[in-house]
Amino acid sequence: MSQISDMYRLGIGVKKNAGKANYWKVLAESSPKYGERKEEIKKKIDVLLTESEKMDVADVEEMCMEILDLIPDPQTMYEETAIVYYTLGITFEKNRDYQMAIQGYKHAMLVSCVKDNAMLPYRLGCCYYHMKNESQAVLYLKKAYKLGGKKLFRIDNDKYMKFAK
């Protein structure tokens with residue numbers, strides 16, 4: 001949960017992209033399907049965010065798929081999509097399934113309002129680091145550093161900093 005909070009703190013719709021993010025958010029929320037399902041989606045996400053650390057991977061996956069089924073197309077317009085995929089990424093990463101974590105984070109990066117979020121490339125860089133894929137680790141950690149600066153690298157450990165510079 002703390003890493004998900006970090007995602008918010010470090011900026012869904014960061015200042016650099018706030019205008020575009022707000023435009024897409026207003027457009028997405030005006031969708032009739034979204035309007036009907038918004039409260040149900042919000043409740044399920046609240047449960048996911050508070051309970052995911054206590055759940056096993058299969059249960060987190062199942063809950064995420066349920067939420068994604070409620071989000072109308074195109075799902076990349078909805079911030080909730082990024083939250084769901086980010087949660088999947090965190091869950092897989094904690095279980096050392098880095099390949100699946102990478103898939104979750106990359107899906108989250110497709111959401112229009114999180115394009116400039118530093119946490120996503122940071123988490124991707126960490127996964128690639130653990131997979132011993134130095135070129136991809138460097139690529140994503142440099143991007144994260146450019147977007148979030150040094151403060152981002154204090155979340156887990158400074159060991160990733162040498163790849164970011």
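**Exercise 1. Identify which residues touch the most other members of the largest nonpolar core, and which elements supply that core.**

Solution. Of the 45 residues in the largest nonpolar core, Ile67, Tyr105 and Tyr122 touch the most other members. The elements giving two or more residues to this core are helix 3 (32-51), helix 4 (57-70), helix 5 (79-94), helix 6 (98-109), helix 7 (119-130) and helix 8 (134-148). Helix 5 gives the most, with eight residues. Such a core is a set of buried Ala, Val, Leu, Ile, Met, Phe, Trp, Tyr and Cys residues joined through side-chain atoms within 4.5 Å. Helices are DSSP runs (H or I, at least four residues), numbered from the N terminus.

The structure is a predicted model, in which local features need pLDDT of at least 70, side-chain atom pairs count only at pLDDT 80 or more, and totals for chains, interfaces and linings use all residues. Residues are numbered from 1 along each chain as its sequence is written, and side-chain values use heavy atoms, with hydrogens and water left out.

**Exercise 2. Determine where Ser52 lies and what it touches.**

Solution. Ser52 is placed in the loop between helix 3 and helix 4. Not counting residues up to four places away in sequence, Ser52 touches Val47, Val60 and Thr87; contact means heavy atoms within 4.5 Å.

Note on methods. Buried < 20%, exposed > 50% of the residue type's maximum accessible area, 1.4 Å probe, protein only.
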